[in-house]
Amino acid sequence: MAGHKMPYFHNTAGYPSIEIGTKKFMCIGAKPPFDHPHEYLEMGDATEIVCPYCSTLYKYVPEVGHNESTPFGCLWEEEQTA
C-alpha cells in the first residue's frame, strides 16, 4: 500500500460490520472524495471497535490477513498517478 505503514479500511458499500486481521488501522469511511477524517483506531484487548465518524463495526479475526477484510474489498489503497 503506497505511503501507508498501517492498513486503511473503508465501508463504501455500507456493510453492517467488517472483519479485519489487525487491531491497529485507519478508518476512512467511504472512498474519496466521500471519505470522513481518517480516524486511527486501536482495539487494545478488545476484539471489536466502532468508528466514531461512520459507525462501522470492525471485528478482529486473526485468521483474516493484516491487509485483508471480510467482506473482500474494504482495504483502501491509494490509486497510483503517472
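**View 1. Glutamate 19 stands opposite threonine 70 of strand S7.** Strand S2 (residues 17-20) and S7 pair in the antiparallel sense over two bridges; pairing of two strands requires that DSSP find at least two bridges between them. Strands (E, at least two residues) are DSSP runs numbered from the N terminus, as are helices (H or I, at least four residues). The open sheet has four strands in the order S5-S6-S2-S7, with mixed pairing. Its edge strands, S5 (48-50) and S7 (69-70), each pair on one side only.

The model is predicted: local features need pLDDT of at least 70 and side-chain atom pairs count only at pLDDT 80 or more, whereas totals for chains, interfaces and linings use all residues. Residues are numbered from 1 along each chain as its sequence is written, and side-chain values use heavy atoms, with hydrogens and water left out.

**View 2. Phe9, Phe25 and Tyr58 are linked into a cluster by ring pairs.** A search of the whole structure finds four aromatic pairs. Rings of Phe, Tyr and Trp (its six-membered ring) pair if their centres lie within 6.5 Å; planes under 30 degrees apart count as stacked, over 60 as edge-to-face and the rest as tilted. One of the pairs joins phenylalanine 9 and phenylalanine 25 edge-to-face, at 5.8 Å centre to centre with 75° between the planes. Because phenylalanine 9 lies in strand S1 (residues 8-9) and phenylalanine 25 in strand S3 (residues 24-27), this pair ties together parts that are 16 residues apart in sequence. Phenylalanine 9 also forms a tilted pair with tyrosine 58, at 6.4 Å centre to centre and 50° between the planes. That pair links distant parts of the chain, with tyrosine 58 in strand S6 (residues 57-60), 49 residues from phenylalanine 9. Phenylalanine 9 and phenylalanine 25 are both buried, as is tyrosine 58; buried denotes under 20% relative accessible area, exposed over 50% and partly exposed in between (1.4 Å probe, protein chains only).

**View 3. Alanine 13 occupies the loop between S1 and S2.** This residue is exposed, with a relative accessible area of 53%. The C-alpha atoms of alanine 13 and lysine 59 are separated by 17 Å, the two residues being 46 apart along the chain.

**View 4. The protein chain contains zero helices and seven strands.** Along the sequence the pattern reads β-β-β-β-β-β-β. The C-alpha trace spans about 40 × 25 × 20 Å along its principal axes. Buried residues make up 35% of the 82 residues in the chain.
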